[in-house]
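Please open the structure in your viewer and keep the selection panel at hand. The stops below are given in the order in which to select them.

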Amino acid sequence: MGIIDKVRKVSETVWEIPVTYKEGMRAPARIIATEKLVREITAVMDFQSAASRQWMWA
Amino acid sequence: MDVGVGGVISPGGIGFDINCGMRLVITNLTSDDVRPYLKEIVDLLFQRVPAGVGSHGFLKISRQEFREVVEQGARWCVEHDYGWEEDLELTEESGCISGADAAKISERAIDRGYNQIGTLGGGNHYLEVQVARPEDVRDKELAAKFGITIPNQIVVMFHCGSRGFGHQVATDYLQIFLKVMESKYGIKVLDRELACAPFESPEGRDYFAAMKCGLNMSFANRQVILHRIREVFSEVFGRSAEDLGMRMIYDVAHNTAKLEKHTVDGKEKRLLVHRKGATRAFGPGQEEVAAPYRDIGQPVIIGGSMETGSYLLVGTSSGDQTFFSTAHGSGRTMSRTKARKLWHGKQLQRDLEARGIYIRSTSWAGLAEEAGAAYKDIDEVIEATELAGISKPVVRFTPIGNVKG
Amino acid sequence: MPYKFLDEIGIADIAFEATGRDLPELFTAVADATLNVMIENLDAIEAHETRRIELKNDAIDMLLFDFLQELIYFKDAERLLLRVREVQIDEKDGNYFLDATTKGEPLDATRHEQRADVKAVTLHDFYVKKIDDAWKASVLLDI
């Protein structure tokens, strides 16, 4: 299961990673992207282990 | 971060390359005018704007003068004849953010930076000669306000930051914050890269004043580079830069933290907005937008890969959903290490030349790492920001010449 | 090579892992890996100049962090590309002491094949640890 399965679609261009995704997250992270891009972005994130990047990317 | 209730400042949330940013300048030349001289122009730019590992610039100043530069930013450069007065009002923060304090800077940061004004650096930093093709002008009226009125008009765009100076400032304070974060302020983070301190603390305020020196160094760096670009075009065409219409459109900062007022849950709050790899994108009417653009929104310059294209956009009123922030580039989808296994720099340079893009680089490996296919599709990224309503495209530019760091 | 660049970790940055039988070997490998991010042909760097580096830190990983910072400092301040000739690391009263002799020369674009300019060492997943009989480090460099 990849990150994409945990992402909540807020609108056509807003995608949200919930705080339950990783320990240490204090707020949900939002990604502004088309569906094609959010799939690319989360595929890259799947390779990366740490939680910190998510809020930086949002 | 709400600074009124213990909100923090974090070097890792700003990035090591403080005020890595973009500057865009127009000309009154067309691609037909420039094509015959393209190689000459790019070769000269490659000589005059040093790129690569630890590169030093032509500006020879003392450490003391450098302290003035980091407090005065692009204003110092214009006062020393490296630019035009009007460049300043077309730069974010008028090229000189207030509150920069060189007393908060280490000697090591000065050592790393005082030789580097007017240099591009490496990685994803570049300087490009681009064309605004008529079919790529998305909003004619707005484009005209920026001076883009001629079919196939030539513009120059470049991306670079505060060089070793900013990197050292961020590193210095990352270490300071690590020492006090938990013991003094009881803040725990899972990743040390996100070390932080309360904004309203001695360490937090010191970093804010030091980071602003990084911002100013970067504005000064891009100001001197613009001066060199004007010199090169002027030499090649035997006309003055004024005569060539080489006016700046704008200079935007990435990798900053700024104190701004935003409305959260119906209440106005004073927030420290960290923008790492993001561009501020204020909408029309906001007082922070440079006066010439206040009625149309803040210009946003987003770079794509060296093979594809870049955009000029404006901020929108609906940008409040992202605290008036938008993308800063197309963003990589593939690691540098992987990209260099797939492409070879020399071959890439030949392929691009065949497609009408002339490139000079200090590094063949670095060139391969910047291959277009290692990046996300810039048009898709722009479409996302437009559909989400956080910025509005004005013109797409196509590269024809590139100096790569 | 006692270091390996990682394909999938740093996307905009460059990540590597290094190993050594002891701390001096590890520090030498990490220093070479960092220099190798900037210069492709390390063998072309001639030993014309010497810089001695002495450091103290109470944590071994931060000692390595400080050491890499020194090398990056010389790269910008003097354009010096430095390789480790000798390095000694001692532990005493809860502190680690490093004494290194590095040699190299200023960057010469005609002989040194450049790759990327290293801006900083990040602390993202940064570690130094002993696994069985070997020391291992993981580093992500900001490019």
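The tour starts with a sheet in chain A and then turns to chain C.

This is a predicted model, in which local features need pLDDT of at least 70, side-chain atom pairs count only at pLDDT 80 or more, and totals for chains, interfaces and linings use all residues. Residues are numbered from 1 along each chain as its sequence is written, chains are lettered from A and ligands numbered from 1 in the order in which they are written, and side-chain values use heavy atoms, without hydrogens and water.

Strand β2 (residues 14–17) of chain A is joined to β3(A) by four bridges (pairing requires at least two DSSP bridges). Val14(A) is opposite Ile32(A).

Next, select Arg51(C), in strand β3 (residues 49–57) of chain C. Its side chain makes polar contacts (N or O pairs within 3.5 Å, one able to donate a hydrogen and the other to accept it; for residues adjacent in sequence, only side-chain atoms count) with the side chains of Glu49(C) at 3.2 Å and Glu78(C) at 2.7 Å.

Finally, select Asp132(C), in the loop between β7 and β8 (134–142) of chain C. Asp132(C) has a positive phi of about 55° although it is not a glycine.

Conventions:
Helix = DSSP H or I, 4+ residues; strand = E, 2+ residues; numbered from the N terminus.
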